[in-house]
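Hi,

Here is the structure I said I would pass on to you. Have a look at it first, and then read my notes below.

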Amino acid sequence: MRWAQIKDSKGSRAVCFFEETVYELPAKLSPLLNFYSRFRLNFGDPKNAVAILKENGATVMGHGEELWNSLPFIRPLDKPGKIVCAGLNYRDHAAEMNLEVPEHPALFAKFPNALIGPGEQIRMPADDGTGSTKIDWEVELCLVVGARLRNATEEQAFEALMGYTVMNDVSVRDWQGRSSEWFQGKNWDAMTPFGPVIVSPDEVDPVAGLELVCEVDGVVRQRGTTADMVFTPAQLLSYISRFMTLEPGDLVATGTPAGVGLSLHPRQWLKPGQTVRTRIEGIGELVNVCSEAGAL
């Protein structure tokens, strides 16, 4: 089952795709997270979810993958609560940076001000000395929490997953390196695309391996597999829940594979006007254009 939000002349609303059918949720069930949180315990078999959708006024928009992929997707969640990110969680990325694989997850926080959705511009910093020109790409699998988690086992953590989406953890490298904390290089306004859809855990298996790809102006910069993750999605959620309560709608970004611009010789950075495509097998693709430098 896939979940998303769209916006057109009729306004914003949630949609869902199951067994080749596209369902449109009425306004009373939007935003998506409110509906999912209210009914998730009753879903069980995805067919139960469809029954619940219909009972609450959802209608059929049409059928087929082509229709689903043509929808005007916006960010799948309006304003996530917490955004927790795992660094150095791919063995090949740690190797390219000449760093040891962490013994425990290397975590940092991101805030909602950084997020943008499909098709939105990546807001490039000013290049006049007050901002930066060292802007890097990072395709990441992002977990969407669907139920409250506190001190959860890995099995409980997996059961609480709403699903997976795509994130591009665009990073301002020189600011990231100003201190031992990465925070200031990861929280610039409107620089982190996520979406376009949320895919339920029964449809894809990151532990078995999903291909992740990042392209810049058609040039493949990253191509990896989620099978290379050091800590699995369930392990990350369980670990975080030991010290922090996770709530429905929280996001957990799970790290990036090798190929970031910081690792290249010579180093490569994103530039205004470039098009960045980040996609994950079985989930979807984000397409975002870098704005002019210093755009508001």
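A residue counts as buried when its relative accessible area is under 20%, as exposed when that value is over 50%, and as partly exposed in between. Keep in mind that this is a predicted model. With that cut-off, Cys-85 is buried, because its relative accessibility is 1%. Cys-142 is buried too, at 0%.

So what about disulfides? A search through the whole structure turns up zero of them. A disulfide would need the sulfur atoms to be within 2.5 Å.

Now for the aromatic rings. How many aromatic pairs does a search of the whole structure find? There are six. I'll walk you through two.

One of them is Phe-17 with Trp-68, a stacked pair with 5.3 Å from centre to centre and 20° between the planes. Phe-17 sits in strand β2 (residues 11–18) and Trp-68 in helix α3 (residues 65–70), so this pair ties together parts that are 51 residues apart in sequence.

Phe-108 belongs to strand β7 (residues 106–110), while Trp-182 is in the loop between α6 (173–176) and β13 (192–199), so the pair links distant parts of the chain, 74 residues apart. Phe-108 counts as buried at 11% relative accessibility, whereas Trp-182 is partly exposed at 26%.

There is a charge over a ring to look at as well: Arg-178 lies over the face of Trp-175, 3.7 Å from the ring centre.

Last, go back to helix α3, where you will also find Leu-67. Leu-67 is partly exposed, with a relative accessibility of 25%. Leaving out residues up to four places away in sequence, Leu-67 touches Val-22, Met-61 and Gly-62.

Definitions and conventions. Residues numbered from 1 in each chain as written. Predicted model: local features only at pLDDT ≥ 70, side-chain atom pairs only at ≥ 80, totals over all residues. Heavy atoms only, no water. Phe/Tyr/Trp six-rings, centres within 6.5 Å; stacked < 30°, edge-to-face > 60°. Helix = DSSP H or I, 4+ residues; strand = E, 2+ residues; numbered from the N terminus. Buried < 20%, exposed > 50% of the residue type's maximum accessible area, 1.4 Å probe, protein only. Lys NZ or Arg CZ within 6 Å of the ring centre and 35° of its normal. Contact = heavy atoms within 4.5 Å.
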